[in-house]
Amino acid sequence: MRCRKVRSFLSAYCNDELSGRHRVAVSEHLSTCSSCRREESIYRSMVTARPELAQIQVSAEFESRLFDRIARERFNETRTKAYFPKPIPLISWGRVVPVVASACLAVALFIVTMSPQVQDGGNPMMSDGGSNLDDSYLTAQPVNNPNLASKLTPEWSLARQFAMGERITQHTNAVTRGRYRGFDQPQIIPASSSNKRMAPYDRSYYRLRPVVKVYVAPESSTDKGGSKVY
Amino acid sequence: MEKQTEKEIDYQLVRAIQKGDMVAFNKLVDRYKDRLMNVIGRMLSSAEEAEDVVQETFVRVYQHRQSFNFQNCFSTWIYTIGLNLARNELRRRKKFKFFDIDDMQGNEGDLAVEPKMPTRLPEVLDAAIRKLPEKYRTAFMLRDVQEMAYDEVAKVLDVPLGTVKSRVNRARMMLREKLQPKLEEHNALSKSTLLPVSLL
């Protein structure tokens, strides 16, 4: 073993921290190398001087001052427990959580049970309970209904609707009472006729038509007789 | 075996302290006050500060006596508390440099007196230990002066075992460099005089 390596082991060798083959090798080298022996003597001096180191001790008043402090600590602990007991928390999570959970459950059950889809029967507003009525109209979407607001044209207006409705009413009264104002003989248009002449109010987007049944005695071969529907 | 006996004694005392026995606390103070003072006194420059730190260590031990879980040695626990408090004190002193007012007064006569140089090897060794860097000094004190085991020192300092061995070895090499001139001077002196001169 070379001097450089031996000197790296010397401090452990002198402090009895080296064992095995390393210790044997260092011992053999020291027996032959004087410079390494001088290094070893320095480390040995340190080991010898260590127990002679001055022991730094506490002063004579150390214990009295320490136990004064400990007595104050004990008094604080006792006073804290006696005069300042652990306060009861205003909000105890152990109590709040079950209450909130049960309240949420109750609300959920209420919503589910009061849902109209769950209730038996149809519209409760009906006098007979509506048990025999078809409720599909509630959700039915009209197809091609020209009276829907989505079908409104720019020239549509509520006043015009009222005016047209008024004319319908007047014409209906006139037809039923046999009076015409501003009209010629009533145009009896057979239902199957291809005559496209329409009454002034009868627009293509109206479904409301007065149904008038008038019996006309057959006078010509063209008349079919029977009830006529305008 | 003896170390285990000391460990068992410490455990018995701590259990008694946890139950409120102040006599046991007194015995514990007697066992550790000088050991702590020996280490912390060489970390801090002032003996009064070191004593305050040691006192604070025992107060902290009493305050947190219920938190000791008997998984490690009690000595490991108390040294950890003491060294942490000492490091805090060192950091605090670095922030605020304290000057003694007596040094500022005009005592020129005292300045002419040279400080007494250590002549004995233990005194020389003590002076050399105080000049070591803090981390090497602490490891050397715990391992070589307090004779704690390497793994215990590693737990106290909260560093790996290899780091402890490295620091202790490095501290010994630094001390050897400081002691070598003194020992060579001693050897030269002993050769030149007829009377035996001993540094010890």
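In this predicted model, helices α2(B) and α8(B) run roughly antiparallel to each other, because their axes cross at roughly 160° and angles over 145 degrees count as roughly antiparallel. The two axes come within 10 Å, and α2(B) passes α8(B) in a right-handed crossing. On the α2(B) side, the contact is made by B:Asn38, B:Val39, B:Arg42 and B:Met43. Facing these residues in the contact are B:Glu134, B:Arg137, B:Thr138, B:Met141, B:Leu142 and B:Val145 of α8(B).

Spanning residues 134-145 of chain B, α8 packs against α9, residues 150-157 of that chain, at an angle of about 140° and with the axes 10 Å apart. This angle makes α8(B) oblique to α9(B). Here, too, the crossing is right-handed, with α8(B) passing α9(B). From α8(B), the residues B:Thr138, B:Ala139, B:Leu142 and B:Arg143 take part, and they meet B:Tyr150, B:Val153, B:Val156 and B:Leu157 of α9(B). Six nonpolar residues, one polar and one charged make up this contact.

How much of α8(B) is buried? The helix is mostly covered, with 10 of its 12 residues buried. Among them are B:Tyr136, B:Phe140 and B:Asp144, as well as B:Thr138 and B:Leu142, two residues that contribute to the contact with α2(B) and to the contact with α9(B). Just after the helix, B:Glu147 takes a positive phi of about 55°.

Leaving aside neighbours within four places in sequence, B:Leu142 is in contact with B:Val39, B:Tyr79, B:Leu83, B:Glu147, B:Met148, B:Val153, B:Val156 and B:Leu157. B:Leu142 also belongs to the largest nonpolar core, which has 47 residues. Within this core, B:Leu142 is listed with B:Phe25, B:Ile40, B:Phe58 and B:Phe74 as the residues that touch the most other members. The elements giving two or more residues to the core include α4 (62-83) of chain A. From chain B, the contributors of two or more residues are α1 (2-18), α2 (22-43), α3 (47-63), α4 (74-95), α8, α9 and α10 (161-192). The largest share, 11 residues, comes from α2(B). Apart from this core lies another, of 31 residues, which includes B:Met141, B:Ala171, B:Met174 and B:Leu175.

Another residue of interest is B:Glu49, which lies in helix α3 of chain B. Is this residue buried or exposed? B:Glu49 has a relative accessible area of 18%, and therefore counts as buried, the limit being under 20%. Beyond its neighbours within four places in sequence, B:Glu49 is in contact with B:Leu44, B:Glu89 and B:Arg93.

Turning to chain A, what does its make-up look like? Chain A has seven helices and two strands, and from the N terminus on its elements run α-α-α-α-α-α-α-β-β. Of the 230 residues in chain A, 18% are buried. Among its contacts between residues at least 6 apart in sequence, 44% join residues at least 24 apart.

How values were computed:
Residues are numbered from 1 along each chain as its sequence is written. Chains are lettered from A and ligands numbered from 1 in the order in which they are written. This is a predicted model: local features need pLDDT of at least 70, side-chain atom pairs count only at pLDDT 80 or more; totals for chains, interfaces and linings use all residues. Side-chain values use heavy atoms; hydrogens and water are left out. Axes are lines fitted to C-alpha atoms, for helices over the stretch in contact, and angles run from 0 to 180 degrees between N-to-C directions. Helices (H or I, at least four residues) and strands (E, at least two) are DSSP runs, numbered from the N terminus. Angles under 35 degrees count as roughly parallel, over 145 as roughly antiparallel, 65 to 115 as roughly perpendicular and the rest as oblique. A crossing is left-handed if the near helix is turned anticlockwise from the far one by less than a right angle, and right-handed if clockwise. Contact means heavy atoms within 4.5 Å. Ala, Val, Leu, Ile, Met, Phe, Trp, Tyr, Cys and Pro count as nonpolar, Asp, Glu, Lys and Arg as charged, and the others, Gly among them, as polar. A nonpolar core is a set of buried Ala, Val, Leu, Ile, Met, Phe, Trp, Tyr and Cys residues joined through side-chain atoms within 4.5 Å. Buried means under 20% relative accessible area, exposed over 50%, partly exposed in between (1.4 Å probe, protein chains only).
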